[in-house]
Amino acid sequence: MLPVFLALLAPLLQKPSPTEVDKLVPRYFEAPARERVEILKKLETLDPLTPDGVKSWSKRLLALAAKGPKSPAKGRNFLYDEKAGRGLYLLGGKRPGSGSLFLGLHGGGAGAGSADEAMGPWNGAISGKGWLAVYPEVLEKTAAAWGDEPTEKFVLELIETMKRTFKVDTNRIFLGGHSMGGYGTWTIGGRHADLFAGLLAFSGAPTPYVDADKKVVAIKEGVIPNLRNLPIWSYHSKDDPNVGVEATQAAIAELKRLAAEHGGYEHTYDEVDLRGHEFPNPVPPLEWIAKRVRDPRPKKVVWQPAPERPWKRMFYWLLWDPPKANEIVVAERVAPNDFAVKVATGSTGLSLLLDERLADFGKEVVVRVNGTEKFRARVAPSLATMLLTAAERNDPEMLFLARVAL
């Protein structure tokens, strides 16, 4: 039986030729998920990349990742279907952009809200900063539309479109909103904290859990723990008649608790009175957010994957395929080439993504999971890992060279 097994396995173990590699790599960007897995398996049989190979493939992979639809340079546009009015967004700020990108989320609710309402109070100040600004409109005007999966994906695709069209500094992408837009800022910002440099949330809060007496007892999973490396400035008036201040207070209390446990969680909370549901005055605090720059390689990462978002499998230098919803993983670079991971339910499907900013490839990398050593070996640049991360993020700052599966 063994020779038969080896004969069946041989095609998978055989290294693809350079010609085949040149076909497999661009195909990966268009292939369905199952085929992508097979392509990566083939590429994993290749020899490690040399420094020249890393440099050459980085350029090629980022060029492939950047292919796709682009945006007009101004005005009212539709990402999906203009006739159906689906995917509306407004371009503002300074065009074609000077590096920084700001997304402004409108308020509203069931049957209410528009991109114009967001552009009005934000755009003058944004233009003064010389930033590119985008104001999307939710796909369906529900009570909490920014948390709906199609609209969440729309925002992410819109960011990708801006990156393909303009010279966007991926370490300086900001998100802000008022009312339901404040809720969207907490929610989208938390679920995708590794994408943004700073958040501004006005008169809105992440989704709370309440008891029988309507008292806020907790915040829905998948948001607050992820903010360890993403600063947020939030504002709420105690007399807000539309959105109660209690959920924001609970979110801030949780940020403080997590900061005491893990460090990080930079936040500024401006709680006022007698402002109702209005914007802060002056509007908005752009000086605060302008100082924030994303760190794509934070020393410590805390990640709680959101429920019903299995496609969000990469977070900073972690890859979890599939991610375990509501579970919290804490990963830390405790010393050069020394990593510690804590995760209650085990590390199945979890990987560390490394490059020379995180590890010295000339020495052994050691990884401990819940105190037990799980990996000790040298790692080397891999085309498979570079391809996976380039396609996942289309971001030169999130392109990794090696993967350590746990």
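## Basis of the description

The model is predicted, so that local features need pLDDT of at least 70 and side-chain atom pairs count only at pLDDT 80 or more, while totals for chains, interfaces and linings use all residues. Residues are numbered from 1 along each chain as its sequence is written, and side-chain values use heavy atoms, with hydrogens and water left out.

An open sheet of 8 strands runs in the order 1-2-4-3-5-6-9-10 with mixed pairing, where strands (E, at least two residues) and helices (H or I, at least four) are DSSP runs numbered from the N terminus, and two strands pair if DSSP finds at least two bridges between them. Its edges are strand 1 (75–81) and strand 10, each of which pairs on one side only. From one strand to the next the twist averages 20°, with axes taken as lines fitted to C-alpha atoms, for helices over the stretch in contact, and angles running from 0 to 180 degrees between N-to-C directions.

Within this sheet, strand 5 (residues 173–178) pairs with strand 6 (residues 198–202) in the parallel sense over 5 bridges, and Gly177 stands opposite Ala201 in strand 6. Helix 8 packs on the sheet and touches strand 9 and strand 10, its direction making about 150° with that of strand 10; contact here means heavy atoms within 4.5 Å. Strand 9 (residues 232–237) and strand 10 (residues 267–272) are also paired in the parallel sense, over 6 bridges, and Ser237 stands opposite Val272 in strand 10.

Strand 17 (residues 365–369) pairs with strand 18 in the antiparallel sense over 5 bridges, and Val365 stands opposite Ala377 in strand 18.

## Packing around helix 2

The axes of helix 2 (residues 18–30) and helix 4 (residues 51–65) come within 9 Å and cross at roughly 40°, which makes helix 2 oblique to helix 4; angles under 35 degrees count as roughly parallel, over 145 as roughly antiparallel, 65 to 115 as roughly perpendicular and the rest as oblique. The crossing of helix 2 and helix 4 is right-handed, given that a crossing is left-handed if the near helix is turned anticlockwise from the far one by less than a right angle, and right-handed if clockwise. Val21, Asp22, Val25, Pro26 and Phe29 in helix 2 meet Trp57, Arg60, Leu61, Leu64 and Ala65 in helix 4. These residues divide into 8 nonpolar, no polar and 2 charged, where Ala, Val, Leu, Ile, Met, Phe, Trp, Tyr, Cys and Pro count as nonpolar, Asp, Glu, Lys and Arg as charged, and the others, Gly among them, as polar.

Helix 2 also packs against helix 3 (residues 33–43), at an angle of about 150° and with the axes 10 Å apart, and helix 2 passes helix 3 in a left-handed crossing. On the side of helix 2, the residues in contact include Val21, Val25 and Phe29, and on that of helix 3 they include Ile39, Leu40 and Leu43. By class, the contact of helix 2 with helix 3 has 8 nonpolar, no polar and 5 charged residues.

## Helix 3 and helix 10

The axes of helix 3 and helix 10 (residues 383–393) come within 8 Å and cross at roughly 150°, and the two helices are therefore roughly antiparallel to each other. Arg36, Ile39, Leu40 and Leu43 of helix 3 make the contact with Leu383, Ala384, Leu387, Leu388 and Ala391 of helix 10, a set that divides into 8 nonpolar, no polar and 1 charged.

## Local backbone features

A cis peptide bond, with omega of about 0°, joins Asp321 and Pro322, and Pro322 lies in the loop between strand 13 (318–320) and strand 14 (329–335). Ser179 has phi near 60°, a positive value in a residue other than glycine, and is placed in the loop between strand 5 and helix 7 (180–191).
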